[in-house]
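Visitor: I would like to learn how to read a few local features of a model, one at a time. Could you take me through them, with the general idea before the particular case?

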Amino acid sequence: MSLPLLRQATIPQSLAAARRVALRCRCYSVAAVAHAQSRQEPESHDATPVAGPSSRQQDVATASDTKSQPALTGLNEDKEDVEPFSRVQSYLASINASGAEPTLEDLERCRPSKMPPPHSPRYVQAYTELIGTLCRSFTKEQLRKFLVQTLGTSRHCATSRKKAEYAESILEKLWSWPTLRELEKAKRDRTEVLTKVLPVTASELFLILGKDGSDLLRLSKEYDVHISLRRKPMGLRVEGTRGSLRGLAEHIDTLKKSFVQETYTLPLPVPIPAGLVQRISRLSSAYLENDPECPGKLRLVAKGESGLTAAKRLASRAVQELEENARIPLLTYLPPDETVLAVYPHSYALYPYFSPRSLPFTMHTNGSFRIRRVGEWLEFGSREDVRRTGGLAGGDAHISTLDERPADLKAVLLDDPHKASQFEGSNVVLKASMGHMLLTRQSGEQKATLIPPLTGEHPFGKVRKWMAQNSVKMTFVPDLPLPLLRLQPDRQSVKHRLVYHALPAGTHKSSSDSTPLPTLPIQWKKVISLELTLTDLRTVESKQPTRSRLPERDLEEGLTLEDLEEEALPLSSSSEESSIPILNASGAHCWAGAEADLNLLIPDRPMDLQFTVRNAATLSETQQPPELQEYVAKLRAYLQGSESTSDQPRPPLLLEYAGERYMLHSNSSIKQSEENLSDTGRPTLRDIQYDKVELTRAVCESILDLETSQKSMHCEVFCNNIASEEAWKRFLRDCDRLSAMRDPSRDTTSALLDGDDIF
């Protein structure tokens with residue numbers, strides 16, 4: 001083909017191409033103009049809103065301007081030749097050409113009305129679709145502008161980030177949607193099971209365990225993990241999900257940082273026995289540890305200051321009680337027939353002792369035993385008949401020390417008590433307490449057992465010799481006689497009592513199981529006691545019927561005063577009763593003096609005795625130690641509801657008086673009642689009317705130790721005139737009656753099943 005012909009064929013093709021380019025430019029210009037006109041003159045028909053600047057802006061792709069129809073018609077004719085534009089691209093181009101910018105309102109239109117549950121499969125799908133919607137609806141700069149307007153300048157608005165990252169920040173920070181990474185991590189925390197060892201020390205482990213492991217059990221349930229102990233190295237082996245392990249580890253780290261530690265020096269330079277350290281730790285909720293290089297020094301770790309204070313008070317009290325109990329002499333009692341009929345002696349054995357109340361915290365908990373006479377099959381009663389033998393009051397009993405030296409009870413108790421007194425106007429008072437002399441096993445034996453240290457039955461001489469040779473540890477535990485346990489107290493008063501004992505001077509040795517039992521004479525100690533009467537729980541007094549008005553049946557059957565009180569009508573509520581003011585001048589009583597104790601072991605009776613001789617003088621309010629005066633003032637303000645004293649005050653642990661240092665021995669709340677008793681408990685009305693029996697006046701107390709929260713029962717008789725022989729005989733008869741008292745409801749039972757012999 002020649003060159004002219006080739007040029008003629010090429011020219012039409014160039015013209016067609018130029019025409020297509022012109023049509024394309026014309027189409028875009030017309031579309032922009034139509035969109036601008038639609039913004040100025042909105043059409044009457046509704047348009048479907050899409051993501052963009054505002055709902056008032058209309059879609060330019062459907063403009064109805066008739067003037068643009070020829071151009072659009074020409075565009076449709078060449079549809080195959082023009083590259084198609086999507087609706088979204090044309091819409092964004094029109095916005096850019098018009099200069100309009102999207103607002104936060106436009107962004108909120110893309111936000112779903114309800115977020116799917118984060119842990120459901122629909123959440124991942126909705127999250128992905130929403131990211132795509134934002135990326136298609138807005139440019140990168142527009143998304144960044146939204147973040148700057150809401151969050152300000154932050155790392156989420158950095159210019160180096162991608163468009164999808166801006167969209168994710170809008171979902172997470174502006175709309176509070178959880179990220180997919182967080183959901184995946186949470187899923188692993190919920191499903192993946194791991195095992196981790198948390199290292200702890202001995203003190204930390206004790207405090208984390210809590211009392212009897214209750215705190216550790218609560219943590220195991222709260223975090224849904226399995227916790228076990230690893231010994232070497234010491235730690236907690238925890239098995240559970242990843243999230244549970246993380247939460248438990250953070251909680252234990254927080255607990256460790258809250259623990260407080262202190263070094264404390266005891267008032268007496270002696271270490272606490274190993275068996276007692278654990279009991280003090282449990283009572284005070286604090287970890288105790290003896291310093292092996294310095295006797296009398298303790299390392300304390302607790303959860304707070306209250307635990308440290310409780311541990312100091314209990315540890316100081318424990319070493320003092322152990323020191324004093326080791327110096328109380330022990331005498332043994334045998335009835336007269338046992339010493340005369342030596343050809344057929346009775347047998348004795350150690351029986352396990354179980355108390356309905358907690359034992360003193362200074363006693364070993366691995367087993368306690370009491371020496372009792374062994375009952376014989378054909379013998380009526382396996383205990384002493386006081387009416388036949390005469391008992392202590394008869395004067396024929398055999399009282400001796402462990403080395404079989406005879407002893408006079410009155411001479412031992414009246415061993416010049418005035419030499420221990422430094423106060424004018426003092427008087428001597430003798431007191432006898434009912435209880436049990438209990439023998440405990442060695443402190444090194446951890447497991448509790450019913451097997452006594454001395455097995456089998458033996459004559460009492462052999463038992464007494466074994467006690468002297470093996471240096472056993474015996475403790476007097478006060479208790480009520482069995483018949484009194486079932487009686488309701490008559491006239492009861494509530495008291496608060498503080499007892500301080502002087503710290504002994506000189507060198508001290510640690511109390512251990514190898515310490516021999518003390519011998520005579522009795523050991524005196526200086527004492528200060530403060531007793532506060534808080535209230536008077538008066539029972540309503542009923543009118544007592546005269547003897548002529550009593551039915552003869554009641555006199556014959558032995559109707560008690562308690563039965564009559566239940567049937568009598570109470571007094572009128574309008575009767576005026578004088579109320580006792582709290583802590584008034586007459587309700588506070590303080591005395592100072594000296595005391596000495598003596599234990600008497602009576603294996604032929606249900607109860608043993610502890611004698612206490614006291615030589616004391618009353619102290620006026622001005623003579624009392626300043627520490628006690630301050631404590632009484634704070635207690636009075638607390639009971640009266642003063643705003644300045646919101647917490648109950650604690651008595652001082654140590655105080656000084658007359659050149660001596662005193663330490664708190666007991667801090668207790670007491671319910672006290674006075675009882676008139678016969679051989680079987682409360683006297684019957686027939687006994688009172690005919691004066692057939694001589695009643696015993698006893699003081700019964702229910703004591704709550706405010707330091708250890710332990711309860712105990714006391715039954716005491718007093719002799720206020722020890723110089724009188726008649727008062728002394730009456731005092732011994734009262735001791736015989738209470739220590740040999742039997743339950744009247746069991747008089748008809750056999751001697752083998754006698755209810756009084758179980759104690």
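Predicted model: local features only at pLDDT ≥ 70, side-chain atom pairs only at ≥ 80, totals over all residues.

Visitor: At what angle do helix α6 and helix α7 pack, and how far apart are their axes?

Guide: Helix α6, residues 140-151, and helix α7, residues 163-174, pack at an angle of about 30 degrees, and their axes lie 9 Å apart. Because angles under 35 degrees count as roughly parallel, α6 is described as roughly parallel to α7.

Visitor: Which residues in α6 and α7 meet?

Guide: From α6 the contact takes in K140, L143, R144, F146, L147, T150 and L151, and these meet K163, Y166, A167, S169, I170, K173 and L174 in α7.

Visitor: How many disulfides does a search of the whole structure find?

Guide: The test is a distance, since a disulfide requires a pair of cysteine sulfur atoms within 2.5 Å. The search of the whole structure finds zero disulfides. For C715, the nearest cysteine sulfur is that of C700, at 4.2 Å, and C715 is buried, with a relative accessible area of 1%. For C735, which is likewise in no disulfide, the nearest cysteine sulfur belongs to C719 and is 9.1 Å away; C735 is buried as well, its relative accessible area being 0%.

Visitor: Where is S176 found, and is S176 buried or exposed?

Guide: S176, a residue other than glycine, has a positive phi near 60 degrees and is found in the loop between α7 and α8 (180-191). With a relative accessible area of 55%, S176 is exposed.

Visitor: And what is the phi of S709?

Guide: S709 has a positive phi of about 60 degrees, although it is not a glycine. S709 lies in the loop between β20 (696-705) and β21 (711-719), and because its relative accessibility is 60%, S709 counts as exposed.

How values were computed: Residues numbered from 1 in each chain as written. Heavy atoms only, no water. Axes fitted to C-alpha atoms, helices over the stretch in contact; angles between N-to-C directions. Helix = DSSP H or I, 4+ residues; strand = E, 2+ residues; numbered from the N terminus. Parallel < 35°, antiparallel > 145°, perpendicular 65-115°, else oblique. Contact = heavy atoms within 4.5 Å. Buried < 20%, exposed > 50% of the residue type's maximum accessible area, 1.4 Å probe, protein only.
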